[in-house]
Amino acid sequence: MTVVLARENGISPEQEADAARIANAPLTIRGLTVSYGDKPAVFSVDMTVEAGKMTAIVGPNGAGKSTMLKAALGIVPALSGRVNVFGAALETQRGRIAYVPQRASVDWDFPTRVIDVVMMGLYRELGLLKRITGAHRAAARTCLERVGMADFATRQIGQLSGGQQQRVFLARALAQGADLYVLDEPFAGVDAATEKAIISVLKQLREEGKTVVVVHHDLATVADYFDNVFLINTRKIAEGPVQTAFTAETLQAAYGGRLATAQVDQLGAAAALHTSQVGAT
């Protein structure tokens, strides 16, 4: 019946199925193109983020990973394309998204305390005029506890290490109580303890039914950290579960000569081994 109705409305079964995916997915991107000058940074990209999963966006430097996400969130302009968040336009769903930018893009000299940064995540509830209460401060402290930063609540944000600053921004995202968490290279330049703390929190969010999307640069940890992967090099290379989309073939297509053949084979084998281990448990 669906096929008949689709044909009567001039819609193919494939278009009908795609409409269903858009309606059910936390984030869908269709035909997104972004250009800096005459050269496209992202060209006609489609992406569908699966609910309740952790998805890594992976590709070489300059592949358009961060640009694609920023355009999808309306941070940078796109030449063309369509973005839906939980089946609706981005403008109507911003309250359901928490975004953690690259640490290098933040002015850490701004004179504010850690607890105040985290309470910025409550701005939709507070607005411009609502008084901050003890309950708001308690909620912010709970978020700091989740990332192991409760003891730094009154510290100036600029006095923290890079890893500590990244944890604070994750705490701010937690304070938003979002359904979709988008992080742009959260592990870049942080210590091992911070990386472990961040990935633990992200996995907790997944267990709570939240959706997590991460621009990620460490290929060696993709299979351990993520359920799905999206490979990009200006255009989409591959998308899907790690065991099927993160392979020697797709890595070679995305990175070409930037990765040695032995390294590509090793990463693909590691992903396959991880898949077999997960299936055995």
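Contact here means heavy atoms within 4.5 Å, and helices (H or I, at least four residues) and strands (E, at least two) are DSSP runs, numbered from the N terminus. This is a predicted model, in which local features need pLDDT of at least 70 and side-chain atom pairs count only at pLDDT 80 or more, while totals for chains, interfaces and linings use all residues. Residues are numbered from 1 along each chain as its sequence is written, and side-chain values use heavy atoms, with hydrogens and water left out. The protein chain contains 12 helices and 10 strands, and 46% of its 281 residues count as buried, a term that stands for under 20% relative accessible area, with exposed meaning over 50% and partly exposed in between (1.4 Å probe, protein chains only).

**The chain as a whole**

- Among contacts between residues at least 6 apart in sequence, 65% join residues that are at least 24 apart.
- The chain exposes about 13,600 Å², of which carbon and sulfur atoms supply 51%; accessible areas come from the Shrake-Rupley method with a 1.4 Å probe, and for residues only the protein chains shown count as cover.

**Helix H8 and its surroundings**

- Helix H8 (residues 192–207) has 16 residues and reaches 23 Å from its first C-alpha to its last, close to the 22 Å expected at 1.5 Å a residue, where the expected span is 1.5 Å times one less than the number of residues.
- The buried residues of H8 are Thr194, Glu195, Ile198, Ile199, Val201, Leu202 and Leu205. They cover an arc of only 160° around the axis, which puts them on the same side of H8; the arc is that of the directions from the helix axis to the C-beta atoms.
- An α-helix has 3.6 residues a turn, so residues three or four places apart point the same way.
- The cover over the buried residues of H8 includes strand S3 (54–58), helix H6 (134–146), helix H7 (162–175), strand S7 (180–184), strand S8 (211–215) and helix H9 (222–225), whereas the face turned away from the buried side carries the exposed residues Ala192, Lys196 and Glu207.
- At the N-terminal end, H8 is capped by Asp191, which has a side-chain oxygen 3.1 Å from the backbone nitrogen of Ala193; a polar contact is a pair of N or O atoms within 3.5 Å, and within protein one must be able to donate a hydrogen and the other to accept it, while residues adjacent in sequence count only if both atoms are side-chain atoms.
- After H8 comes Gly209, which has a positive phi near 90°.

**The four-stranded sheet**

- An open sheet of four strands has the order S2-S1-S4-S5, with antiparallel pairing; two strands pair if DSSP finds at least two bridges between them. Strand S2 (39–49) and strand S5 (88–89) stand at the edges with a single partner strand each, so one side of each is left without a neighbour in the sheet.
- Seven bridges join S1 to S2 in antiparallel fashion, and Ser35 has Pro40 in S2 as its bridge partner. The hairpin of these two strands has two residues between them, and Gly37 takes a positive phi near 75° there.
- Strand S4 (residues 80–85) and S5 run antiparallel and are joined by two bridges, with Asn84 standing opposite Ala89 in S5.
- Arg30 is found in strand S1 (residues 27–36) and is buried, with a relative accessible area of 12%. A polar atom of its side chain lies 3.1 Å from the backbone oxygen of Met47, and the residues that Arg30 touches, beyond those up to four places away in sequence, include Asp18, Asp46, Thr48 and Arg82.

- Cys143 lies in helix H6 and counts as buried at 9% relative accessibility. Leaving aside neighbours within four places in sequence, Cys143 is in contact with Val118, Ala171, Leu174 and Ala175; the C-alpha atoms of Cys143 and Ala175, 32 residues apart along the chain, are separated by 6.2 Å.
- Thr55 lies in strand S3 and counts as buried at 4% relative accessibility. Residues up to four places away in sequence aside, Thr55 touches several residues, among them Met47, Val49, Val213 and Phe230.

- Most residues other than glycine have a negative phi.
- Phe86, in the loop between S4 and S5, has a positive phi near 50°.
- Glu185, in the loop between S7 and H8, has a positive phi of about 50° although it is not a glycine, and counts as buried at 18% relative accessibility.
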